[in-house]
Amino acid sequence: MYSSTLTEVENILSDGRSKDSFARCESASLRLEKFVHIGDNSKKDEIAAVVSRPSQKIPEFLPPKALRFRARLGGRLIVNQAGGVLENAGLCLHPHFNAPYIPGSALKGAARHAAWCAWNDEKDDSRKLMLSREIAEIFGYPTGDKSLDTYLESRGCGEKRSGSVCFMPAYPESTARLVSDIVNCHHPKYYSGDEDFGDAADIESPIPNFFPAVEAGSHFVFALVPVRGGNVERAKAWLVEALTCAGVGAKTAAGYGWFEYDPVAEEAAEKKRRDEIAKRLAEKLAEKIRAEQRAAADARRAARAAMTLEERWLEQNVKSICKGPDILGFTKMTDERKREMVALFQNADMSSIGAQVWKALRLDKKLRNQPVVDAVFKFAKDNKLGRMPQ
């Protein structure tokens, strides 16, 4: 999709043309994670260049059994902030479509934490044991939490296993807008341990730190895939709890990464989506059937065009031939077609289709046609085609 491959960028940076040519790198992910070019630009300029790159909708490929739902981003989103070249300025961007996404591992971790909180707050022993088993079943064992693992082991539920629900990456339903965000350090010398600044007094100049983020308002699509009959409904409940209450990604305590989920609106939207998919599939199926019918009709027409007159007549009965255009239009036919018809009439085998038609035209009370008979006699005589059967 993009002209700037990793090798091309390396060549750009190595031959001294980086200042003028680095703009050729269209992949925001590549610029942000591998080849951020500061040079004469500030960090603010480079972040602005990254977020201004055009993005496209990421195609959705989900297995039939996947549980899919949407949630609206209520605050700005930051995922993988520490993963870029610039300090605390990373963001998960698709390498080909430039669109942001949330890795499945991050969603699984957030849902598992919500599940752990529910287990930790539960006071009823039977309910607590049931929750612990559900967590181990859905997320796998060991669970990653020592207290929960110890609890499961003490109750004979410490068998190692993989999780039974696959958490797919979450993508924007259409597109999501990226923005350049900022956080200010108002006391840099104080936080650096400068002895002259014993207190964090408001006498220092703030140092702005720019970073990319996903603007609020976008709808993200989340998908859970059952493995070995995993309970995706329970996993969804914990994931929704995590998204709406705790958020996902970085700076969640500052209001980043939280989502809004309306089950009634989501059910209506999902029904509309399924109806649209069913409609498109029905239209495709109908068009496929129509195309097959057109192809079959074309094939029949081509095959009929290649048939001889005798082969055509063999498809019909004597009555339909005598009343059809092959007979009634004899005087308007080409000489070649007239000769072919006369040859069929002159067949001595009375069981042949031509002999039967000729007999019907001459003798049948309902089918006889004296003008056609006379015209055939005249044509055979004028062209010396031999005697016609009497």
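Reader: Which residues of helix H5 are buried, and what does the word buried mean?

Author: The buried residues in H5 are Gly104, Leu107, Ala110, Ala111, Ala114, Ala115 and Trp119. Buried means a relative accessible area under 20%, exposed means over 50%, and partly exposed covers what is in between (1.4 Å probe, protein chains only). This is a predicted model, in which local features need pLDDT of at least 70 and side-chain atom pairs count only at pLDDT 80 or more, while totals for chains, interfaces and linings use all residues. Residues are numbered from 1 along each chain as its sequence is written, and side-chain values use heavy atoms, with hydrogens and water left out.

Reader: What covers the buried residues of H5?

Author: The cover includes H6, H7, strand E4 (165–167), strand E8 (219–226) and helix H9 (232–246). Helices (H or I, at least four residues) and strands (E, at least two) are DSSP runs, numbered from the N terminus.

Reader: How does the span of H5 compare with what its 18 residues should give?

Author: The expected span of a helix is 1.5 Å times one less than its number of residues. For the 18 residues of H5 this should be 26 Å, and the end C-alpha atoms are 26 Å apart, so the two values agree.

Reader: Which residues of helix H7 are buried, and how do you know on which side of H7 they are?

Author: In H7 (residues 146–154) the buried residues are Leu148, Asp149, Tyr151 and Leu152. Around the axis they cover an arc of only 160°, which puts them on the same side of H7. The arc is that of the directions from the helix axis to the C-beta atoms. In general, an α-helix has 3.6 residues a turn, so residues three or four places apart point the same way. Lys146, Glu153 and Ser154 are exposed, on the face of H7 turned away from its buried side.

Reader: What do the buried residues of H7 pack against?

Author: They pack against helix H5 (104–121), helix H6 (125–139) and strand E2 (140–141). Here contact means heavy atoms within 4.5 Å.

Reader: What makes a set of residues a nonpolar core?

Author: Such a core is a set of buried Ala, Val, Leu, Ile, Met, Phe, Trp, Tyr and Cys residues joined through side-chain atoms within 4.5 Å. The largest has 58 residues, and those with the most contacts inside it are Ile102, Leu107, Phe167, Phe220, Phe222, Leu239 and Phe259. H9 supplies its largest share, seven residues. Another core, of 25 residues, lies apart from it and has Cys322, Leu361, Val373 and Met388 among its members.

Reader: Into which class do Gln81 and Asn80 fall, and why?

Author: Gln81 counts as buried because its relative accessibility is 12%. Asn80, with a relative accessible area of 37%, is therefore partly exposed. The loop between E1 and H5 holds Gln81 and also Asn80.

Reader: Is the peptide bond from Tyr141 to Pro142 cis or trans?

Author: The bond is cis, with omega near 5°. Pro142 is placed in the loop between E2 and H7.

Reader: What makes a set of points a pocket, and what is the volume of the largest pocket?

Author: On a 1 Å grid over the protein atoms alone, a cavity is a set of points where a 1.4 Å probe fits but cannot get out, whereas a pocket is an open set with protein on both sides within 12 Å along at least five of seven lines; lining residues have an atom within 4 Å of a point. The largest pocket has a volume of about 390 Å³. Of its 15 lining residues, the closest to its centre are Glu60, Leu62, Arg68, Arg273 and Ile277. Grid points are joined across faces, edges and corners, and a volume is the space filled by probe spheres set on the points. H10 gives the most to this lining, with four residues.
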